[in-house]
Amino acid sequence: MTRELRWTELADVKDELAARDWFPGTSGNLSIKITDEPVTFLVSASGKDKRKRTDEDFLLVDRHGIPAEETHLKPSAETGIHAQVYKLTDAGCCLHVHTIDNNIISEMYASEGSITFRGQELIKAFGIWEEDGEITVPIVENYADLEQLAKATASAINPDTRAVLIRNHGITVWGRDAFEAKKHLEAFEFLFTYHIKLKSLNLFHGVKRYTAKKIINF
Ligand SMILES: CSC[C@@H](O)[C@@H](O)C(=O)COP(=O)(O)O
Ligand SMILES: [Zn+2]
């Protein structure tokens with residue numbers, strides 16, 4: 001596929017995620033691989049309003065995340081994380097979004113260092129078809145030093161990893177192509193929202209039961 005087609009593909013994904021309001025306050029970044037050897041990829045320019053579609057949304061960078069061509073554009077501040085994902089996985093596209101739900105999950109399970117989902121139909125979106133299939137998302141600290149953050153993300157990635165949560169920051173998720181990366185992102189966000197809602201309901205019913213018992217006791 002030509003670079004122009006890949007650009008359009010990534011711009012279309014960006015529009016779809018923007019329509020979900022997954023880029024608040026210029027947060028988030030996206031990339032798509034262009035060549036394999038050596039690795040080059042298009043990455044979103046830093047600080048842009050990702051809801052807008054322009055000719056300056058992406059720039060080409062090398063495997064280290066350094067611009068591969070003369071440009072006045074600055075690659076995303078988190079390009080180093082994308083570079084690690086391309087180095088360590090078979091990813092063809094990598095997406096990073098900040099949502100309230102992925103932030104809540106990252107904070108709830110930060111001390112455990114990961115969250116594991118099981119018993120959910122949507123786990124099949126990750127190509128896991130076993131009856132008792134499960135998927136684990138590692139959680140790393142949100143280091144202000146972006147090189148350290150990229151290293152922490154890299155060390156959390158193993159062959160089964162499809163995404164990494166950064167504590168109170170967001171998710172970085174990938175797939176072999178743009179379609180798969182978006183599918184994985186949507187599936188993870190579904191699992192996060194489901195988990196938070198179920199936990200809130202349990203909490204609510206727990207409080208109600210507790211209150212009822214107290215009233216009876218009085
Ligand atoms: C404006 S808050 C978000 C940023 O600090 C960063 O985490 C982010 O996701 C976007 O950075 P960017 O450099 O535009 O790719
Ligand atoms: Zn971010």
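Donors are N, O and S atoms within 2.8 Å of the metal (3.2 Å for Na, K and Ca), and water is not among the atoms, so sites may look incomplete. Six donors count as octahedral if opposite donors are over 155 degrees apart and all others between 65 and 115.

This is a predicted model, in which local features need pLDDT of at least 70 and side-chain atom pairs count only at pLDDT 80 or more. Residues are numbered from 1 along each chain as its sequence is written.

Around the zinc ion (ligand 2), the 6 donor atoms subtend angles of 74 to 168 degrees, which makes the arrangement octahedral. The protein contributes Glu78 (OE), His96 (NE2), His98 (NE2) and His169 (NE2), which lie 2.0 to 2.6 Å from the zinc ion. Glu78 sits in the loop between β3 (58–62) and α2 (79–88), and His98 in the loop between β4 (93–97) and α3 (100–108), so the pair ties together parts that are 20 residues apart in sequence. Helices (H or I, at least four residues) and strands (E, at least two) are DSSP runs, numbered from the N terminus.

In the table, buried means under 20% relative accessible area, exposed over 50%, and partly exposed in between (1.4 Å probe, protein chains only).

| Residue | Relative accessible area |
|---|---|
| Glu78 | 12%, buried |
| His98 | 22%, partly exposed |

The open sheet has 8 strands in the order β3-β2-β1-β4-β8-β7-β6-β5, with mixed pairing, where two strands pair if DSSP finds at least two bridges between them. Its edge strands are β3 and β5 (114–118), each pairing on one side only. Strand β4 pairs with β8 (residues 170–175) in the antiparallel sense over 5 bridges, and Val97 stands opposite Ile171 in β8.

Methods. Chains lettered and ligands numbered in written order. Heavy atoms only, no water. Tetrahedral: all angles 85-135°; square planar, octahedral: opposite > 155°, others 65-115°.
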